[in-house]
Amino acid sequence: MGFSVGSTTFGFTMRVPDRDEAAVDNLIEAHAKWMSQTHSLEPNAEKLHTLEYFVSKAHELKDMMDPSKGSTGNIIYNISEVHIDDEHFGKHVELGQSWDRIGEFFE
């Protein structure tokens with residue numbers, strides 16, 4: 001397992017009702033598409049170099065020690081990004097303001 005010293009990590013968690021799963025999946029898919037258009041996981045002079053981009057999704061359990069008790073009716077999404085440094089993260093935030101769906105992430 002490796003990690004980058006000096007990198008800037010950004011992450012957030014969304015807890016949404018099961019009924020909103022399709023809409024949130026669509027939003028995350030659109031975000032990933034936007035990221036692929038403006039960022040690169042490899043050095044690229046035309047895009048921001050992002051070290052990692054990861055999304056996880058799981059049904060929230062009523063009792064994580066006893067999954068047989070079922071779900072709370074919510075889904076937990078975690079989005080994690082690792083940028084080279086604060087400067088690149090700042091440019092990411094700046095670019096993000098022009099993404100047409102940015103407001104949906106903060107609703």
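## Surface and extent

Accessible areas come from the Shrake-Rupley method with a 1.4 Å probe, and for residues only the protein chains shown count as cover. On that basis the chain has an accessible surface of about 7200 Å², with 54% of it belonging to carbon and sulfur atoms. The C-alpha atoms fill a box of roughly 50 × 35 × 20 Å along the principal axes.

The model is predicted: local features need pLDDT of at least 70, side-chain atom pairs count only at pLDDT 80 or more, and totals for chains, interfaces and linings use all residues. Residues are numbered from 1 along each chain as its sequence is written, and side-chain values use heavy atoms, with hydrogens and water left out.

## Fold

The chain has three helices and four strands, in the order β-α-β-β-β-α-α along the sequence. Helices (H or I, at least four residues) and strands (E, at least two) are DSSP runs, numbered from the N terminus.

Of the 107 residues, 29% count as buried; buried means under 20% relative accessible area, exposed over 50%, and partly exposed in between (1.4 Å probe, protein chains only). Contact means heavy atoms within 4.5 Å. Among contacts between residues at least 6 apart in sequence, 64% join residues at least 24 apart.

## Nonpolar core

A nonpolar core is a set of buried Ala, Val, Leu, Ile, Met, Phe, Trp, Tyr and Cys residues joined through side-chain atoms within 4.5 Å. The largest one has 13 residues, of which Met14, Val16, Val24, Ile28, Tyr77, Ile79 and Phe105 touch the most other members. Strand S1 (8-17), H1 and S4 each supply at least two residues of this core, and H1 gives the largest share, five residues. Not counting residues up to four places away in sequence, Val24 touches Met14, Val16 and Tyr77.

Ile75 lies in strand S4 and counts as buried because its relative accessible area is 0%. Leaving aside neighbours within four places in sequence, Ile75 is in contact with Met14, Arg15, Val16, Asp18, Glu21, Lys57, Ala58, His59 and Glu60. Ile75 and Ala22 are 53 residues apart in sequence and 11 Å apart in space, C-alpha to C-alpha.

Ala32 belongs to helix H1 (residues 21-38) and is partly exposed, at 31% relative accessibility. Ala32 and Asp85 are also 53 residues apart in sequence, with 20 Å between their C-alpha atoms.

## Aromatic residues

Rings of Phe, Tyr and Trp (its six-membered ring) pair if their centres lie within 6.5 Å; planes under 30 degrees apart count as stacked, over 60 as edge-to-face and the rest as tilted. The structure holds five aromatic pairs. One of them joins Phe10 and Phe12, and this pair is tilted, at 5.7 Å centre to centre and 55° between the planes.

Phe10 has a relative accessible area of 26%, so Phe10 is partly exposed. Phe10, Phe12, Trp34, Phe89, Trp99 and Phe105 form one aromatic cluster.

## Nonpolar surface patch

Leu61, Met64 and Met65 make a nonpolar surface patch of about 380 Å². Patches are made of residues with over 30% relative accessible area and no salt bridge, where like charges are joined within 9 Å and nonpolar side chains (Val, Leu, Ile, Met, Phe, Trp, Tyr) within 5 Å. A salt bridge is a side-chain nitrogen of Lys or Arg within 4 Å of a carboxyl oxygen of Asp or Glu.

Met65 sits in the loop between strand S3 (48-61) and strand S4 (71-83). Its relative accessibility is 72%, so Met65 counts as exposed.
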